[in-house]
Amino acid sequence: MASSTFSVTGANIFASKPFGLEDTSRGRDTLPYKKNGLVPTFRTKHDLIATNVATRPPISIPFPVIKHEEGRKLAAWTSIKQERWEGELVVEGEIPKWLNGTYLRNGPGLWHIGDYNFRHLFDGYATLVRLNFDNGRLIAGHRQIESEAYKAAKTNNKLCYREFSETPKPDNFLSYVGELASLLSGASLTDNANTGVVHLADGRVVCLTETIKGSLVVDPDTLDTIGKFEYTDSWSGLIHSAHPIVTDTEFITLLPDLIKPGYVVVRMDPGTNERKVIGRVDCRGGPSPGWVHSFPVTEHYIIVPEMPLRYCAQNLLRAEPTPLYKFQWHPESKGFMHVMCKASGKIVASVEVPLFVTFHFINAYEEKDEDGRVVAVIADCCEHVADTTILDKLRLEHLRTFTGEDVLPDARVGRFRIPLDGSPFGELITALDPNQHGKGMDMCSINRAYLGKKYRYAYACGAERPCNFPNTLTKVDLFRGTAKNWYDQGAVPSEPFFVARPGATDEDDGVVISMISDKNGEGYALVLDGSSFEEIARAKFPYGLPYGLHGCWVPKK
Ligand SMILES: CC(=O)/C=C/C=C(C)/C=C/C1=C(C)CCCC1(C)C
Ligand SMILES: CC(/C=C/C=O)=C\C=C\C=O
Ligand SMILES: [Fe+2]
């Protein structure tokens, strides 16, 4: 078995080959993209910026070459080649001078340990990517997040913690974390914070996943992992929503209660680490809470979705993944939407809704009658037409083998209407013709000034079929029921992230940032105009980018 090295010394920050892992010790003159006759589109950090990267002690981590990484493959599903990189990118087009700050994007970017390949997209060790926009220039970088799970895998060259679908073999994790009880205590759960990244109102930047222990504070400039975000309250649960609501005044999240099925809704003030309970929702269906990857809020309410795809105690303990992983589909248990008053914690509505499957809520708002009274809550999500197969379609084996057949399950903008008049049922409609966005819909963002308010535009990934994964960027106009799509044949774009122009009054006055893994095994950062949805700038990375999930914006201080 060939072995290779991940190098994180200041001098050895480049992989010598874009698709090999053998030698990272050569300088940029030997970079293969240059050998291939391509124009280098970056300079190194040594030319441009001084950070503490070069002063850190070198770490060499043996990671053997794995078969699927041979040849020029789509970078999206290919493990990152080095632990870190940083440099300036050459910009084609023009980045608006007002765009000053850092876009951070988190996601699973390393899907193997030694010669063992992970199976699911969500299993990968977190790779944090940074785009620092500075007066028209763009400095980029990435770094692996130093979770305990990642460090233990490197040290022991084997899986030591339970990931989304991967479970350590008993002899492995027993020797690493101790005894079987660790499973129930949470000690064997991963802290691999590979899902999202949020910028708290107090300035801290936290990477998150669905395990509470996987809340890790990072430095947005160096991408250093600073340490664990220690919650100081006494909640003993192990999991939370991967997508808290973060505003200038609060951090709100949902804590599923697997013992007494329900959800505890909590908020945390900026500058504190203490979650305070707003209220609790008991599940109406059984036998356990629905999976709650995300949830929406309005100005006055928190919406708690109870999805019929529910956590499954048996599957949580299984060593081998099932088609629905830690979850089970319970159509007989039905789906519900609960509305909690943010101020009092009281449930003001709890309605049965049609069956649904969603990872991501887009936004929600209050619907008023002509007298200004709130009569309903509208909540929009990327809805997979109540089909759970999307979860299995995100297996790496599926993602890496696109045969030309159209295999991406349909998705739409699902719009819930939850009446506040005591009616027992809510509606779920399709907000716009899904053909407008190729019947693909996920990884959404909005103008954050419209969080919880009536809004018109959503940005998301749609589909140009045939495909096996969402492959377009789409701007959805929910007033007109139309969408405008951006597409680069063979490429995989990540979540389009909207950044408003300072002082803007129009909802779509700003830019949309995405990172693209293209079909040549390369990758580039892309900036679209928020209003026209036309490309205004792109900047090539010196290496292909693995797919990433969610991002946040840290404005320049
Ligand atoms: C990447 C992403 O979107 C989701 C990641 C989800 C993870 C890592 C979930 C992990 C879990 C366990 C390891 C056991 C307990 C249940 C659950 C939270 C699903
Ligand atoms: C990437 C994804 C779904 C794509 C489906 O069309 C879901 C990601 C979920 C976690 O953040
Ligand atoms: Fe997500």
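## Around the annotated histidines

Leaving aside neighbours within four places in sequence, His550 contacts Asn106, Thr195, Gly196, Val197 and Glu495. Contact here means C-beta atoms, placed from the backbone, within 7 Å. This is a predicted model: local features need pLDDT of at least 70, side-chain atom pairs count only at pLDDT 80 or more, and totals for chains, interfaces and linings use all residues. Residues are numbered from 1 along each chain as its sequence is written, and chains are lettered from A and ligands numbered from 1 in the order in which they are written.

His550 lies in strand 37 (residues 550-555). Strands are DSSP runs (E, at least two residues), numbered from the N terminus. His550 is buried, with 25 other C-beta atoms within 10 Å. A residue counts as buried at 20 or more other C-beta atoms within 10 Å of its own, as exposed at 12 or fewer, and as partly exposed in between; the C-beta atoms are placed from the backbone.

The unreviewed UniProt entry annotates His243, His293, His360 and His550 as "binding site". Such positions are given in the numbering used here, feature names are shortened, and annotations may be inferred rather than shown by experiment.

His293 sits in the loop between strand 18 (275-282) and strand 19 (301-306). His293 is partly exposed, with 18 other C-beta atoms within 10 Å. Beyond four places in sequence, His293 touches Ser241, Ala242, His243, Phe359 and His360.

## Ligand shells

A residue is near a ligand if its C-beta atom, placed from the backbone, lies within 6 Å of it. Ala, Val, Leu, Ile, Met, Phe, Trp, Tyr, Cys and Pro count as nonpolar, Asp, Glu, Lys and Arg as charged, and the others, Gly among them, as polar.

| Ligand | Shell residues by class |
|---|---|
| Ligand 1 | 8 nonpolar, 5 polar, 4 charged |
| Ligand 2 | 6 nonpolar, 2 polar, 1 charged |

Ligand 1 is surrounded by 17 residues, the closest being Phe122, Phe164, Thr195, Glu210 and Lys326. The shell of ligand 2 is Thr195, Phe359, Ile390, Ala411, Gly440, Asp442, Met443, Pro470 and Leu549.

An open sheet of 3 strands runs in the order 19-22-23, with antiparallel pairing. Strands pair if DSSP finds at least two bridges between them. Strand 19 and strand 23 (347-353) stand at the edges with a single partner strand each, so one side of each has no neighbour in the sheet. Strand 19 and strand 22 (residues 335-341) are joined by 6 bridges. Pro305 has Met337 in strand 22 as its bridge partner.

How values were computed
Helix = DSSP H or I, 4+ residues; strand = E, 2+ residues; numbered from the N terminus. Contact = placed C-beta atoms within 7 Å.
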